[in-house]
Amino acid sequence: MKKLFLMLALVMMVSTTNICLAGVNGNVLNREEKTIDLLINSLDKKQSTVSYSEIAKGFSPQLKESVTADGLALLQDQVRERFGRADEIKLIHFERFDQGDRATYLGSFSKENVVRLVFIFDKDAKMTDFALSPVTIEENK
């Protein structure tokens, strides 16, 4: 009976530890997703109520230099021209590295069926880079 109780206590301790470790990763992802959501929502210039200063809070200093308020307005125009309006965007992959993270999303837009959105973050959960690229599917004939 004592062995059974000790085994049960050990299993409970291990499972609790795993849950706590997953919580740290989840908190980082939540912080990073706030920045991603603000950036994605700002891409639709006509419906966006997000200011550049709100979005830039999640940017690294280097990204703030390369994506200014004017640069964001240019990006909004380019996204609207090339991809159209975002219909649906979903997280498909999240990777943690020693010096940062990478979150990959797939989205459907009015002019492009499938677009890959990749967001790179440093170890302080500040966005350092991002890219939007259409995904082409080759058909076998």
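**Aromatic ring pairs in a predicted model**

**Figure 1. Confidence along the chain of the predicted model.** The mean pLDDT of the chain is 85, with 80% of its residues at 70 or more. Confidence is highest in strand β3, at 96, and lowest in helix α1 (residues 2-42), where the mean is 72.

**Figure 2. The aromatic pair of Phe83 and Phe109.** Across the whole structure, a search finds 3 aromatic pairs. In the pair of Phe83 and Phe109, the rings are 5.6 Å apart, centre to centre, and the angle between their planes is 50°, a tilted arrangement. Phe83 belongs to the loop between α4 (69-82) and β1 (86-97), whereas Phe109 belongs to strand β2 (residues 100-109), so this pair ties together parts that are 26 residues apart in sequence. Phe83 and Phe109 are both buried.

**Figure 3. The aromatic pair of Tyr105 and Phe119.** The ring centres of Tyr105 and Phe119 lie 5.7 Å apart, and the pair is edge-to-face because the planes are at 85°, where an angle over 60 degrees is required. Tyr105 is part of strand β2 and Phe119 is part of strand β3 (residues 115-122), so the contact ties together parts that are 14 residues apart in sequence.

**Figure 4. Burial of Tyr105 and Phe119, and the ring cluster.** Tyr105 has a relative accessibility of 4% and therefore counts as buried. Phe119 is likewise buried, its relative accessible area being 1%. Tyr105 and Phe119 also belong to a cluster with Phe130, linked by ring pairs.

Note on methods: Residues are numbered from 1 along each chain as its sequence is written. This is a predicted model: local features need pLDDT of at least 70, side-chain atom pairs count only at pLDDT 80 or more; totals for chains, interfaces and linings use all residues. Side-chain values use heavy atoms; hydrogens and water are left out. Rings of Phe, Tyr and Trp (its six-membered ring) pair if their centres lie within 6.5 Å; planes under 30 degrees apart count as stacked, over 60 as edge-to-face and the rest as tilted. Helices (H or I, at least four residues) and strands (E, at least two) are DSSP runs, numbered from the N terminus. Buried means under 20% relative accessible area, exposed over 50%, partly exposed in between (1.4 Å probe, protein chains only). pLDDT is the predictor's confidence in each residue, from 0 to 100.
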